[in-house]
Amino acid sequence: QVQLVVSGGGLVQTGGSLSLSCAASGSVFSIDPMGWYRHAPGKQRELVASITGGGSINVADSVKGRFTISRDNARNTVYLEMNSLKPEDTAVYYCNARIWRYGQPNNYWGQGTQVTVST
């Protein structure tokens with residue numbers, strides 16, 4: 001059994017900062033990649049950022065230069081530092097982890113956390 005526990009999020013004014021973290025626990029052998037998605041009302045879920053175990057990073061153009069993803073492999077935890085937040089960043093943010101067992105990948109999702117950026 002695998003669990004992804006998300007913390008962080010909340011309400012912030014435009015230009016503010018928030019941090020998210022997501023810790024994987026349970027039968028975790030190899031996680032590659034870990035990342036964050038978001039789902040805003042009326043829009044499709046989109047990738048925000050992801051990071052591999054080796055540290056390769058993929059970041060959405062809409063958040064480049066403002067959001068930073070990092071990872072602690074020893075703790076199976078991924079972080080998202082969000083700066084210079086804009087109202088259009090308002091969404092439910094989800095942690096995602098692709099966990100490999102015996103060469104087979106399985107996708108897991110954490111509970112969503114609301115990020116609201118007020119004007």
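Student: What makes Cys22 and Cys95 a disulfide?

Tutor: In this predicted model, the sulfur atoms of Cys22 and Cys95 are 2.0 Å apart. A disulfide is a pair of cysteine sulfur atoms within 2.5 Å, so the pair qualifies. The structure holds 1 disulfide.

Student: Are Cys22 and Cys95 buried or exposed, and how do you know?

Tutor: Buried means under 20% relative accessible area. Cys22 has 0% and therefore counts as buried. Cys95 is likewise buried, because its relative accessible area is 0%.

Student: Why is Asn76 called partly exposed?

Tutor: Its relative accessible area is 24%. Asn76 sits in the loop between strand S7 (67-72) and strand S8 (77-82), and its phi is positive, near 50°, in a residue other than glycine.

Student: And what makes Tyr102 exposed?

Tutor: Exposed means over 50%, and Tyr102 has a relative accessible area of 80%, so the term applies. Tyr102 is in the loop between strand S9 (91-101) and strand S10 (104-109). Tyr102 also has a positive phi, about 50°, although it is not a glycine.

Student: Which residues does the cis peptide bond join, and what is omega there?

Tutor: The cis bond joins Asp32 and Pro33, with omega about -5°. Pro33 lies in strand S4 (residues 30-39).

Student: How do you know that S7 and S8 pair?

Tutor: Two strands pair if there are at least two bridges between them. S7 and S8 are joined by 6 bridges, so they pair, and they run antiparallel. In S8, Val78 is the bridge partner of Arg71.

Student: Why are S1 and S7 said to stand at the edges of their sheet?

Tutor: The open sheet has 4 strands in the order S1-S3-S8-S7, with antiparallel pairing. Strand S1 (2-8) and S7 each have a single partner strand, so one side of each lacks a neighbour in the sheet. From one strand to the next, the twist averages 15°.

Student: What makes Arg38 and Asp89 a salt bridge?

Tutor: The N to O separation between the side chains of Arg38 and Asp89 is 3.0 Å. The cut-off is 4 Å, so the pair counts as a salt bridge. Arg38 is in strand S4 and Asp89 in the loop between S8 and S9, 51 residues apart. Arg38 and Asp89 are buried. Both belong to a network of salt bridges that also includes Glu46 and Arg66.

Student: How many salt bridges does a search of the whole structure find?

Tutor: The search finds 5. Among them are Asp61 with Lys64, at 3.1 Å from N to O, and Asp72 with Arg75, at 2.9 Å between the closest N and O atoms. Asp61 counts as exposed because its relative accessibility is 65%. Arg75 is exposed too, with 58%.

Student: Which residues touch the most other members of the largest nonpolar core?

Tutor: That core has 32 residues, and those touching the most other members are Trp36, Val48, Phe67, Val78, Leu80, Met82 and Tyr93. S9 gives the largest share of this core, 5 residues.

Methods. Residues numbered from 1 in each chain as written. Predicted model: local features only at pLDDT ≥ 70, side-chain atom pairs only at ≥ 80, totals over all residues. Heavy atoms only, no water. Helix = DSSP H or I, 4+ residues; strand = E, 2+ residues; numbered from the N terminus. Buried < 20%, exposed > 50% of the residue type's maximum accessible area, 1.4 Å probe, protein only. Axes fitted to C-alpha atoms, helices over the stretch in contact; angles between N-to-C directions. Core = buried A, V, L, I, M, F, W, Y, C linked by side-chain atoms within 4.5 Å.
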